[in-house]
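Thanks for making the time this morning. I would like to take you through one structure, slowly, with the definitions spelled out as we reach them.

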Amino acid sequence: MREKPTNTLASLPFFSQLSPHVRACLIKKSTIRSHKRGELIALQGDLNPTLKIVISGWVKLYRLIQSGEEATLAMLKHGESFDEVPALSSSAAFQSSEAITDCSVLHLDPSAICTCKNAFAELHLAVLRAAHDHAHGMIHHIEQLKGQTGAQRLSGFLLDLIGANDGGEELTLPFGKKVLASKLGMKPESLSRAFRQLKPFGVASQDRKVHLGNVAGLRNFFQECA
C-alpha cells in the first residue's frame, strides 16, 4: 500500500467531477496498491469489486471466451478507471484485469462514501460519465478494427506515445510486442508486417525500442487514412 498524493489524485478525471468535500472524502477512504507485471488485479465474476483507477503503469482488461482464450477489451493507463458500475451496484465484475507493466492502482469501495449531502448523487453521476466514456472508447476501437489496416492502427498508437513532437524520436514501448498486437487487435505476425509497412516513414524496431525517423510523414500517413 502506498501513501496517497492527494493533490495529484484530485486532478484525475473521475475525481475532478466531484465537489471538493466529496472528492476529499473518497480520496481519504481509498487505498493505492502496487501490482507487479503479470499480476492479476481482479477476476471476471468477482463479487463486490472495488472501483479502480490506474495511477501509473498499464492495466489490461480482458474476458475469457468459451474456447478458454482471452479477448482483450482495453489497455488502460494513468487516470483511466474501470469496474465502476459493478462496484457501485455491488454486482459481479464484467471482466478480469491484469498488470501488464508494474503499476499502481487506486481502489475505492463506494459503500465507504461519506454521508454528506449529495455524495451518492455525485458518485452515481461520475460513474455514469465514466460508463459513457467507456462506451465511446469501445465504439472507437471497433471502428479502428473495422476500418483501419494494421499499419494504420500501429501508426496511431506510436503517434499517441510521442504526442505533438514532429522531430525524430526514439521511444520504448510500454509493453512487449505480443501485448501490443493484442491491444491493436492483430496477431504478432501481423504486427511484424505492420512495422515493415511503416519503414518508408523511418520506423524501425528492435524488441521494445522503436525509432521514428520521419514523424511528420508518419502523421500525414495516419491522418490521410483516418
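I will begin with the domains and the contact between them, then turn to the salt bridges, and finish with a single alanine.

A word on the basis first: this is a predicted model, in which local features need pLDDT of at least 70 and side-chain atom pairs count only at pLDDT 80 or more, whereas totals for chains, interfaces and linings use all residues. Residues are numbered from 1 along each chain as its sequence is written, and side-chain values use heavy atoms, with hydrogens and water left out.

The protein is divided into domain 1, residues 6-133, and domain 2, residues 148-224, with bounds that come from an automatic or database domain assignment. Taken over C-alpha atoms, the centres of domain 1 and domain 2 are separated by 29 Å. Five residues from domain 1 and six residues from domain 2 take part in the contact, where contact means heavy atoms within 4.5 Å.

How much area is buried between domain 1 and domain 2? The figure is about 510 Å², and carbon and sulfur atoms give 74% of it; buried area here is the accessible area, with a 1.4 Å probe, that two parts lose on being put together, summed over both. On the side of domain 1, the residues that lose the most area to domain 2 are Trp58, Met75 and Ile100, which together make up 74% of what that side buries. By class, the side of domain 1 that touches domain 2 has three nonpolar, two polar and no charged residues, counting Ala, Val, Leu, Ile, Met, Phe, Trp, Tyr, Cys and Pro as nonpolar, Asp, Glu, Lys and Arg as charged, and the others, Gly among them, as polar. Between domain 1 and domain 2 the count of salt bridges is zero, a salt bridge being a side-chain nitrogen of Lys or Arg within 4 Å of a carboxyl oxygen of Asp or Glu.

The structure as a whole holds three salt bridges. In one of them, the side chains of aspartate 83 and lysine 52 meet at 2.8 Å, N to O. That pair links distant parts of the chain, 31 residues apart, with aspartate 83 in the loop between β6 (81-82) and α4 (84-89) and lysine 52 in strand β3 (residues 51-56); helices (H or I, at least four residues) and strands (E, at least two) are DSSP runs, numbered from the N terminus. Aspartate 83 is buried, with a relative accessible area of 3%, and lysine 52 is buried as well, at 2%. The cut-offs are under 20% relative accessible area for buried, over 50% for exposed, and partly exposed in between, using a 1.4 Å probe and protein chains only.

Which residues are linked in a network of salt bridges? They are Lys60, Glu70 and Glu98. Glutamate 70 and lysine 60 meet at 2.9 Å, N to O; glutamate 70 lies in strand β5 (residues 70-76) and lysine 60 in strand β4 (residues 59-64), so the pair ties together parts that are ten residues apart in sequence. Glutamate 70 is partly exposed, at 41%, whereas lysine 60 is buried, at 11%. Lysine 60 also meets glutamate 98, at 3.8 Å, N to O, and both lysine 60 and glutamate 98 are buried.

Finally, alanine 87 lies in helix α4 and is buried, with a relative accessible area of 7%. Leaving aside neighbours within four places in sequence, alanine 87 is in contact with Pro49, Thr50, Leu51 and Pro110.
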